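Please keep the model open while reading.

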Amino acid sequence: MVQKRRLRVMVAKPGLDGHDRGARIIARAFRDAGFEVVYTGLHQTPEQIVDAAIQEDVDLIGLSSLAGAHRYLFPRVVEILRERKAEDIMVCGGGIVPEADIPVMKKAGLKEIFTPGTTLDSIVAWVNANVKPR
Amino acid sequence: MALTFDKKVFEDIKKAEDRWTEKLKSLKVDTCERLERFSTVSDRPIDRIYSPKDIREQDFDRDIGFPAEFPFTRGVQPNMYRGRLWTMRMFAGLGTARDTNKRFHLLVKEGQTGLSTAFDMPTLMGYDSDSQRARGECGKCGVAIDTLKDMEDLFEGLPIDKITTSMTINPPASVVWAMYIAMAENRGIDRNVIGGTIQNDMLKEFIAQKTFMCPPIPSVRLVTDTVEFGTREVPRWNTISISGYHIREAGSTAVQELAFTLGDGIAYTQEALKRGLDVDDFAPRFSFFFNSHLDFFEEIAKFRAARRMWGKIMKDRFKAKNPRSWWLRFHTQTAGCSLTAQQPYNNVVRTTLQALAAVLGGTQSLHTNSLDEVLAIPTEEAATIALRTQQIIAEESGVANTIDPVGGSYFIEKLTNQLEEEAFAIIQKIDDMGGMLSAIEKNYPQQEIADAAYRYQRQVDSGEKTVVGVNKYATSETIPVEMLELDEELERLQIEKTNRIKEQRNSARLRECLDRLEDSCRSATNVMQPLIDAVKADATLQECCDVYRKVFGEYRDPGIY
Amino acid sequence: MKEIAEKVVAGDVRTVARLIRDIDDGMPHVRDALKRLFPHTGRAYVIGITGAPGVGKSTLVDQMISHLRKNGKTVGVLAVDPTSPFSGGAILGDRVRMQRHSMDEGVFIRSLATRGHFGGLTQSTRSAIDVLDAMGKDYILVETVGVGQDEVDVVRSAHTTLIIVIPGMGDDIQAIKAGILEVGDIFVINKADRDGTDKTMSDLRLMIDMDQKKYKDGKWKPPILKTQAVFDQGVKELMDTIEEHRLYNFKTHGDLPFRKRKDRVGQELAEMVKARLIEEVIGGLVESGAFDMVVEEIVSGKLDPYTACERIVIPVLGKRP
Ligand SMILES: Nc1nc2c(ncn2[C@@H]2O[C@H](COP(=O)(O)OP(=O)(O)O)[C@@H](O)[C@H]2O)c(=O)[nH]1
Ligand SMILES: [Mg+2]
């Protein structure tokens with residue numbers, strides 16, 4: 001019997017800031033939406049995140065940042081994925097990202113940026129619509 | 001005993017209230033209310049009206065009393081803001097020490113009466129700017145401090161013998177404090193003259209803010225070292241600011257904020273007592289730091305309950321004799337998590353209400369968030385509006401003319417009682433678990449907060465809780481706010497500066513100082529003097545923290561969701 | 001398929017990760033890859049780690065990885081976390097505790113959810129073990145929450161099974177007695193920094209000793225060790241004890257790889273056939289909705305389960321009753 005593929009998503013906190021309220025909430029929402037969620041915990045380097053994502057064979061990496069370090073850290077994750085020939089793993093970001101930075105992030109290869117105020121359900125809906133298990 | 005309502009009076013009032021209730025029934029009021037259930041932002045149900053029945057057991061002397069008298073419900077100073085206004089202390093920090101120094105001078109010129117330093121993430125986590133882990137974060141959310149020279153640049157030209165300084169730093173608090181003391185001494189100012197606060201509250205880091213370095217037990221030991229050193233040598237310094245702010249930001253309810261914060265206070269007291277210190281020697285130097293969130297009345301009640309509870313904890317539980325030990329003095333910051341990126345000017349209004357609640361609750365100092373704080377480090381203009389907000393409350397609104405103006409309100413007193421009762425029940429639970437350290441180890445507070453945060457987010461998503469401009473009255477247009485852009489060069493400049501200092505210092509002396517620090521960590525003697533010597537020998541922040549990491553090990557995120 | 005197997009044997013991380021995903025998702029093509037990989041299996045030493053949630057299994061695994069790496073061994077980890085019965089989703093949080101090994105090329109960590117397709121957790125975990133084995137990992141650590149039969153079966157495929165308890169778990173020890181006591185090769189009292197360690201030690205001792213006769217004739221008698229995983233205390237001793245058990249296994253069964261021992265092979269084969277049959281027979285019926293219809297008939301009293309079972313099985317067997 002062919003089993004329906006289930007989405008596997010990694011929720012990761014790059015950088016040093018410890019504000020994981022958003023990351024933890026989204027991890028729960030993903031679980032409640034029926035995804036398998038791999039949570040990395042805090043204080044991860046982009047390299048650690050990418051290695052974990054590859055070993056876990058996730059379809060999507062969701063990065064969360066609230067301390068202004070997204071400008072360096074988010075694109076860095078995408079860059080390392082490319083170096084590791086794993087650019088088929090989609091990356092999106094969430095947290096405090098100023099409007100002006102969003103086009104820059106997208107250009108760097110992030111698929112979507114979710115800013116505060118986005119409902120959990122709409123994030124889940126976006127994932128369902130845009131991320132297909134590979 | 002002095003019950004507020006004697007039996008006869010109460011019976012008469014009750015009759016009247018019963019009559020009124022009957023009347024409402026006949027009007028079918030129940031069926032035409034706006035909401036099925038009215039509740040606070042913490043999901044506490046709120047009744048239609050509060051009346052004497054809600055404070056029937058109230059004893060004026062026991063529960064309310066007068067300011068500066070036990071149980072301090074109404075405030076800790078005898079004349080409160082009629083004597084001196086609260087300290088308007090705006091958190092500032094960005095880029096390099098020189099950048100922040102400029103901002104400090106500006107704030108002092110604008111009438112600010114105390115300084116408050118925000119550090120960047122690498123500093124907060126005990127890494128120097130040249131560390132691999134600091135990439136992309138140097139100077140981003142606060143000022144980067146690597147060496148004593150940075151500390152000297154940060155306070156250059158500021159009268160640190162007159163102005164007090166608050167420093168929001170936790171795992172490396174002892175190191176940063178040592179730098180501050182060393183900086184003062186290099187300027188010829190004695191350590192017993194300087195005044196200020198280091199946040200230095202590690203327990204709430206494990207519970208909520210997650211800025212941690214070493215495991216809980218050695219972390220608390222370092223905190224206790226600073227308490228001991230402060231008590232003996234830096235008497236005007238507040239060595240811990242026991243913080244509920246971050247607990248609330250992590251998504252707790254008002255009661256959880258109250259209970260976990262005071263629970264942390266109890267744990268620090270117990271540790272200092274184990275050191276052989278007398279409670280009345282150190283307790284007066286403990287200060288607190290709360291969040292002022294959206295629900296106006298619940299917040300006011302929370303501040304009043306906190307004071308009354310701490311008074312009881314100190315007097316009854318720890319048998320403190322000095323009334324100063326009974327005082328709960330606190331700093332307040334308006335709720336960063338309540339700000340919205342959408343329609344950012346609304347944030348000024350939110351902050352105003354929150355600031356008002358803090359003042360009505362009797363805060364000793366206050367930081368008001370800037371309207372753009374949710375997006376980035378505030379611009380000067382935004383920071384000025386935030387400061388003006390406080391000045392308007394203080395000098396135009398009239399709310400500072402009398403003490404505890406809301407005291408005696410049926411609603412406020414009832415809420416105050418409820419919050420106290422529920423928070424004490426949580427503290428009891430923590431005691432039953434063997435104290436805060438074991439509760440943290442069992443992830444009890446972490447889990448409770450995670451649950452509350454998820455519940456609230458779901459309520460916002462479903463529209464049960466309103467966030468103006470986000471899930472109601474939303475507009476599609478975006479109002480551009482001016483954003484502060486940081487100099488991208490700053491990381492390189494900061495690294496160069498640190499490297500220069502590293503090259504020029506006396507490495508033999510440095511080695512010797514760091515070895516003494518390590519010995520002190522291992523032998524459980526107070527680390528503060530060895531630290532002061534080390535930073536004077538230009539040991540960097542990270543070098544000192546690496547000694548901690550080496551001796552005590554590193555704590556890793558338990559990953560509670 | 002050949003290519004997949006070759007890449008796995010060459011240690012290609014992406015291929016391994018993908019293949020485990022395919023196994024977990026029940027993709028039919030994996031069977032071919034697994035067949036090709038089988039000749040490359042049998043080298044790894046498999047350690048099962050089981051116990052109630054929160055006893056410190058992941059923390060212990062994290063420390064075990066460090067010890068094994070210090071000795072130059074490569075390590076694969078399979079960490080199984082429960083699937084939410086409500087949503088079918090899962091938060092796989094074991095990895096958090098092991099994340100410091102994420103960038104070590106000698107370590108491969110994979111989180112699995114317990115969600116069972118008809119093949120069952122046991123089957124897919126065993127296949128994943130084979131993949132890590134074929135990949136060349138020296139040690140494979142399998143962490144499961146010791147609650148269901150499935151999880152117990154999973155650790156049964158290990159060469160050495162550790163049962164982790166913590167001090168003061170009176171009732172839980174009773175539960176162990178009922179279920180998984182007999183699969184334990186080594187008992188570990190973790191969080192030995194807590195009160196009640198000695199009491200738990202004597203309770204456990206008593207339970208194990210009750211089975212005295214089982215340990216006659218030089219049979220392995222499960223030792224009980226104390227650890228403090230977060231502080232890396234007692235982990236070295238644990239690793240030494242695992243080594244002793246490995247040597248014991250080796251002595252008793254010769255140099256036959258564990259999973260090629262006759263008793264094991266028989267059992268695993270039977271289980272595999274069962275799983276495959278269920279998957280093939282019921283899987284198709286479920287997909288077509290026929291299974292549900294039969295169930296409905298039984299519920300409404302139109303059919304008895306015995307007849308229903310025959311109706312399903314007989315056509316497959318191709319014979320009449
Ligand atoms: N006091 C103490 N706590 C431990 C010890 N080992 C693990 N823990 C803590 O127990 C909690 C659960 O650990 P975890 O490894 O996730 O348990 P698992 O659910 O069995 O995998 C974590 O907070 C660990 O830090 C120990 O030896 N002593
Ligand atoms: Mg685990």
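Predicted model: local features only at pLDDT ≥ 70, side-chain atom pairs only at ≥ 80, totals over all residues.

## Chain C against chain A

Contact between these chains takes 36 residues from chain C and 38 from chain A. About 3,200 Å² is buried between them, and carbon and sulfur atoms give 47% of that area. On the chain C side, C:Arg14, C:Arg21 and C:Ile91 lose the most area to chain A. Together these three account for 22% of what that side buries.

The rule finds eight salt bridges between chain C and chain A. There are also 24 residue pairs in polar contact, with both residues at pLDDT 80 or more. Which elements of chain C each supply at least two residues to the side that touches chain A? They are α2 (13–24), β3 (90–92), α5 (94–98), β4 (107–113) and α11 (262–288). Helix α2(C) gives the largest share, seven residues. By type, the chain C side divides into 14 nonpolar, ten polar and twelve charged residues.

Strand β2 of chain A, residues 36–39, pairs with β3(C) in the parallel sense over three bridges. Within that pairing, C:Ile91 in β3(C) is the bridge partner of A:Val37. In general, strands of a sheet pair through backbone hydrogen bonds.

## Chain A against chain B

Here 32 residues of chain A are in contact with 40 residues of chain B. The two chains bury about 3,200 Å² between them, 56% of it on carbon and sulfur atoms. In chain A, the greatest losses of area to chain B fall on A:Leu16, A:Arg21 and A:Arg28, together 25% of what that side buries.

Three salt bridges cross this interface by the rule. One of the salt bridges of the model joins the side chains of B:Lys210 and A:Asp20, at 2.8 Å, N to O. In chain A, helices α1 (21–32), α3 (70–83) and α5 (120–130) each supply at least two residues of the side that touches chain B. Helix α1(A) gives the most, with six residues. The chain A side divides into 13 nonpolar, ten polar and nine charged residues.

## Two domains within chain C

The domain assignment of chain C gives domain 1 (42–255) and domain 2 (269–317). Their contact takes four residues from domain 1 and seven residues from domain 2. The area buried between the domains is about 520 Å², of which carbon and sulfur atoms give 61%.

The count between the two domains is one salt bridge. There is also one residue pair in polar contact, both at pLDDT 80 or more. The domain 1 side divides into one nonpolar, two polar and one charged residue.

| Side chains | Distance (N to O) |
|---|---|
| B:Lys210 and A:Asp20 | 2.8 Å |
| C:Glu271 and C:Arg126 | 2.6 Å |

## A sheet in chain B

Chain B holds an open sheet of nine strands with parallel pairing, in the order β5-β4-β3-β2-β1-β9-β8-β7-β6. Why is one side of β5 and of β6 left without a neighbour in the sheet? Strands β5 (237–238) and β6 (240–243) stand at the edges, each with a single partner strand, so one side of each has no neighbour in the sheet.

Within this chain, β2 (residues 114–118) and β3 (residues 164–168) run parallel and are joined by five bridges. B:Thr117 stands opposite B:Met167 in β3(B).

Most residues other than glycine have a negative phi, and most peptide bonds are trans.

A:Asp57 is not a glycine, yet has a positive phi of about 50°. A:Asp57 is found in the loop between α2 (46–56) and β3 (60–65) of chain A.

In chain B, the peptide bond from B:Phe70 to B:Pro71 is cis, with omega near 5°. B:Pro71 has its place in the loop between α2 (60–64) and α3 (80–83) of chain B.

Technical notes. Residues numbered from 1 in each chain as written. Chains lettered and ligands numbered in written order. Heavy atoms only, no water. Contact = heavy atoms within 4.5 Å. Buried area = accessible area lost by both parts, 1.4 Å probe. Salt bridge = Lys/Arg side-chain N within 4 Å of Asp/Glu carboxyl O. Polar contact = N/O pair within 3.5 Å; in protein donor to acceptor, adjacent residues only side chain to side chain. Helix = DSSP H or I, 4+ residues; strand = E, 2+ residues; numbered from the N terminus. Nonpolar A, V, L, I, M, F, W, Y, C, P; charged D, E, K, R; others polar. Pairing = 2+ DSSP bridges. Domains from an automatic or database assignment.
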